[in-house]
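Please keep the sequence and the structure in view while reading.

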Amino acid sequence: MATTLIKNGKVISTTGVIAQDVLITDEVVTALGAPGYFAGAEQGADKVIDAAGKYVIPGGIDVHTHMEMPFGGTYASDTFETGTTAAAWGGVTTIVDFAVQNTGGDVQEALASWHRKADGNCAIDYGFHQIIGGVDEQSLKSMRYLVDHEGITSFKLFMAYPGVLYSDDGQLLRAMQTAGEIGAMIMMHAENGIAIDVLVQQAVARGDTDPRFHSLTRPSPLEAEATHRAIVLSHVAGNVPLYIVHMSAGDALAHVAAARHEGRNVFAETCPQYLWLTLEETLGRPGFEGAKWVCSTPVRSKDHDPDYIGRMGHGHQADLWKGLRMNELAVVSTDHCPFCMKDQKEIGIGNFAQIPNGIGGVEHRMELIYQGVVAGELSLERWVETCCTSPARMFGMYPKKGVIAPGSDADVVVWDPSSKTTIGMDEPGRKHHMNMDYSAWEGWVIDGKVDTVLSRGKVIVENDAYVGTKGHGQYVKRGLSQYLV
Ligand SMILES: [Zn+2]
Ligand SMILES: [Zn+2]
């Protein structure tokens, strides 16, 4: 029996900041006490972590990653080993990745192949959502099987990428009806892919092939329209729980806010790239450099689009930060889907439509959202809620994950608010551990730092070193969402 004591820190939960010591026995938290309460146990403890002047928070949970995902003739450059190690460096102790059934493929075979990629390779715990890229009798049957036997309770559908992952409205409705019968969550990539493909073809034909046209051919009204359509379909299917992924636009968010105001089970996540990056400063850079920031949904203009429909005068980022404060956005994930510039993003030189879609970010979410706390956009409590606790509750992992409480897995991060982190790889001393040849966040300075990370009671990051092991991470079988109204 191994005992670990974390003392003198301030424990942050969704409800407040309290000076508390945390006692851990083997893999679980066994007690919280007033500072000094465990002085007796300290004598025999195997490890004592002094968190004086630091915050103690539940390990981060990133519910949207794509390790080794095939896309556009190549693969996301992080394996489960490199990606989960980078996640650990970023204070993340659980990821939920997406097993992918492409149109015409078999769901259970797809899931088995994702298990093979992850099994024995992960530094931290992991679960899976299942992408349904082809809604038919067989895949609907598989949805039931996965809920009953595999601990997979959330299914992602696509309103974009015709021919690869796309479902039409009838298929969306059928999958939603099945989800309603089995209590599962539908996750939606909400962009009108049919209209987008027309705009893309027209842009390429005009010779508008630079990376910035990736965003300009996916205008925010086409995200808003798809978001609204998904909400309507989930309503018609019987108030089936709906979670819109990677929300990037204020006009899309307005539809989620309205549905939530009606008391509907409609939720959404956003990602750091939409909160901090703009089209002008990233995709719009000269030459091919903008390819570094090609992801879908796209990074948007600092102002609303000219054809924006809805509340005016704010800009997408201000809308998204406000949405996070108001719980219109419940979760921050990363949509971590890294590609190197060399041989991967470069496939799209001369044609933005061929650039693999994705940004690497699993390492930096806790840092970038903490910077929102420093900037006055969020409270400390809301940082923990959107990055740790709500992800666990939304996807059926609470209270095993997402909270520091007796009986919970001892997934804990000690956060140092008085140190700094400089993200990037271009100069010594900068922080970057993802398997990429660039950082989307090069030179960004964070007023805080991941100090120590524990995964199920085992220290995996301390003293600026990764001390974890490949294969420590276990598969998490998830229950149904605990977040429904
Ligand atoms: Zn997506
Ligand atoms: Zn994604």
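Asn463 lies in the loop between strand 22 (458-462) and strand 23 (465-466); helices (H or I, at least four residues) and strands (E, at least two) are DSSP runs, numbered from the N terminus. Although Asn463 is not a glycine, its phi is positive, at about 50°. Asn463 is exposed, because 8 other C-beta atoms are found within 10 Å. In this scheme a residue is buried if 20 or more other C-beta atoms lie within 10 Å of its own, exposed if 12 or fewer, and partly exposed in between, with C-beta atoms placed from the backbone.

The model is predicted: local features need pLDDT of at least 70, side-chain atom pairs count only at pLDDT 80 or more, and totals for chains, interfaces and linings use all residues. Residues are numbered from 1 along each chain as its sequence is written, while chains are lettered from A and ligands numbered from 1 in the order in which they are written.

Asn327 is another residue other than glycine with a positive phi, here near 65°. Asn327 is placed in the loop between helix 11 and strand 17 (331-332), and it counts as partly exposed because it has 14 C-beta neighbours inside 10 Å. Two cis peptide bonds also deserve attention. One runs from Ser296 to Thr297, with omega near 0°; Thr297 belongs to the loop between helix 10 (272-276) and helix 11 (316-325). The other joins Tyr398 and Pro399, with omega about 0°, and Pro399 sits in the loop between helix 13 (380-394) and strand 18 (412-416).

The protein as a whole contains 13 helices and 23 strands. Its radius of gyration is 21 Å, close to the 23 Å that the globule rule gives for 485 residues, so the protein is as compact as a globular protein of that length. This radius is taken over C-alpha atoms, and the globule rule is 2.2 Å times the number of residues to the power 0.38. The C-alpha trace spans about 70 × 50 × 40 Å along its principal axes. Of the 485 residues, 58% are buried. Among contacts with a separation of 6 or more, 76% come from residues 24 or more positions apart; two residues are in contact if their C-beta atoms, placed from the backbone, lie within 7 Å.

How are the strands arranged in the open sheet of 8 strands? Their order is 8-11-12-13-14-15-16-17, with parallel pairing; two strands pair if DSSP finds at least two bridges between them. Strand 8 (60-65) and strand 17 stand at the edges with a single partner strand each, so one side of each is left without a neighbour in the sheet. Strand 8 pairs with strand 11 (residues 92-101) in the parallel sense over 4 bridges, and Gly60 stands opposite Val92 of strand 11. Helix 3 (residues 107-118) packs on this sheet, touching strand 11 and strand 12 (125-132), and its direction makes about 145° with that of strand 11. Helix 9 (residues 250-261) also packs on the sheet; it touches strand 15 (242-244) and strand 16 (266-270), making about 145° with the direction of strand 16. Axes are lines fitted to C-alpha atoms, for helices over the stretch in contact, and angles run from 0 to 180 degrees between N-to-C directions.

Strand 18 and strand 21 (residues 449-455) pair in the antiparallel sense over 5 bridges, with Val413 opposite Val453 of strand 21.

Gly448 lies in the loop between strand 20 (445-446) and strand 21. Is Gly448 buried or exposed? Gly448 counts as buried because it has 20 C-beta neighbours inside 10 Å. Leaving aside neighbours within four places in sequence, Gly448 is in contact with Glu367, Tyr370, Trp415, Asp416, Pro417, Ser419 and Thr421.
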